[in-house]
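Q: I have a model to go through with you. Could we begin with the side-chain packing?

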Amino acid sequence: MARIVGGLATTHVPAIGAAIDLGKTQEPYWRPLFDGYVPAQEWLAAIDPDVVVLVYNDHATAFSLEIIPTFSIGVGDEFPPADEGWGPRPVPVVKGHSELAWHLCESLILDEFDITMINAMPVDHGLTVPLSITCGKGSTCATPQAWPCKVVPLAVNVVQYPPPTGNRCYELGRAIGRAVKSYHEDLKVVVFGTGGMSHQLHGERAGLINREWDTRFLDDLARNPERLKRIPFLEYVRETGAEGIEMVMWLIMRGALGDNAREVYRHYHVPASNTAAGLIILEPAPAKRGTAKAARRKARPRSRGAVRAKRPRGQASGKRKSRR
């Protein structure tokens, strides 16, 4: 049986990839950001997952405004880095896990999520930058010869209105959790949610960053996802900028971990190319003792003695009164 062993959410700013590719990670502007990625690399190496289900959004490379699926899963055996206008990034081809991807598609569709199945597509910075951050070596994020695990890409529309709601994304994550558990092979799976945090790249509010809002989001990702999944689209736009809606993809990761999760590590840095760069690592946590006990009590059948017939008025109960 496959199992989800952890979740990671991170910014996927394209300039982060450019800093890695051009050897600028140790420059004063970038070094504090990249130093914070080292614990994430160490965590992922220790977990050593077989597969990463990587939730991201395409930036007009695999899709255009002609076709905009809400949720799509790459079911191919490999996915080449996309040319985003200045040539593909010099990173390895992403190797897929076709069998698990098809299983996810089948399970999610039967669970009433409409998934678009993609047999071939390039993958842009939305997917490759998170891999560079977590699979690179040290604070330079030196690119490996090959990515250390297979990847199932899950693309989400957060470009064209209307995007999926936070609640829909969270419930999709829960369905992914069920689908992974039902897969026959013994695999360790990590789920990535990517994008965000607060940023706006255009218009009068270009450069907007909301540290306070971002911090509350990070705080509640483990302890109070119920609040996060009810955040309306307009609040994301108002408080975190036009591009802040990408954070709904973090809720897919959170939903996949189940009801309880514990925070392992976080890193937050401002700015990274006009973006608040956030990273958080969560692991599934056992249910709290009180919660589990209450659930068992609720599920326990009542004993025969717990249900008593009503006695007619005046009829003796059959119990002796104690004599004083």
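Q: Which residues does Trp 250 touch, leaving out those up to four places away in sequence?
A: Counting contact as heavy atoms within 4.5 Å, Trp 250 touches Ala 9, Thr 10, Thr 11, Gly 193, Thr 194, Gly 195, Met 197, Phe 217, Leu 218, Leu 221, Gly 278 and Ile 280. This is a predicted model, in which local features need pLDDT of at least 70, side-chain atom pairs count only at pLDDT 80 or more, and totals for chains, interfaces and linings use all residues. Residues are numbered from 1 along each chain as its sequence is written, and side-chain values use heavy atoms, with hydrogens and water left out.

Q: Which members of the largest nonpolar core touch the most others?
A: They are Ile 73, Phe 217, Leu 221, Tyr 236 and Trp 250, out of 55 residues. Such a core joins buried Ala, Val, Leu, Ile, Met, Phe, Trp, Tyr and Cys residues through side-chain atoms within 4.5 Å; buried means under 20% relative accessible area, exposed over 50%, and partly exposed in between, with a 1.4 Å probe and protein chains only. A second, separate core of 40 residues includes Val 52, Phe 63, Cys 141 and Cys 149.

Q: Changing topic, which residues of helix 4 are buried?
A: Ser 98, Leu 100, Ala 101, His 103, Leu 104, Cys 105 and Leu 108. Helices are DSSP runs of H or I with at least four residues, and strands are runs of E with at least two, numbered from the N terminus.

Q: And what do they pack against?
A: Strands 2 (51-56), 3 (71-74), 6 (116-118) and 7 (150-156), together with helix 6 (166-181).

Q: What follows helix 4?
A: Glu 112, with a positive phi near 75°.
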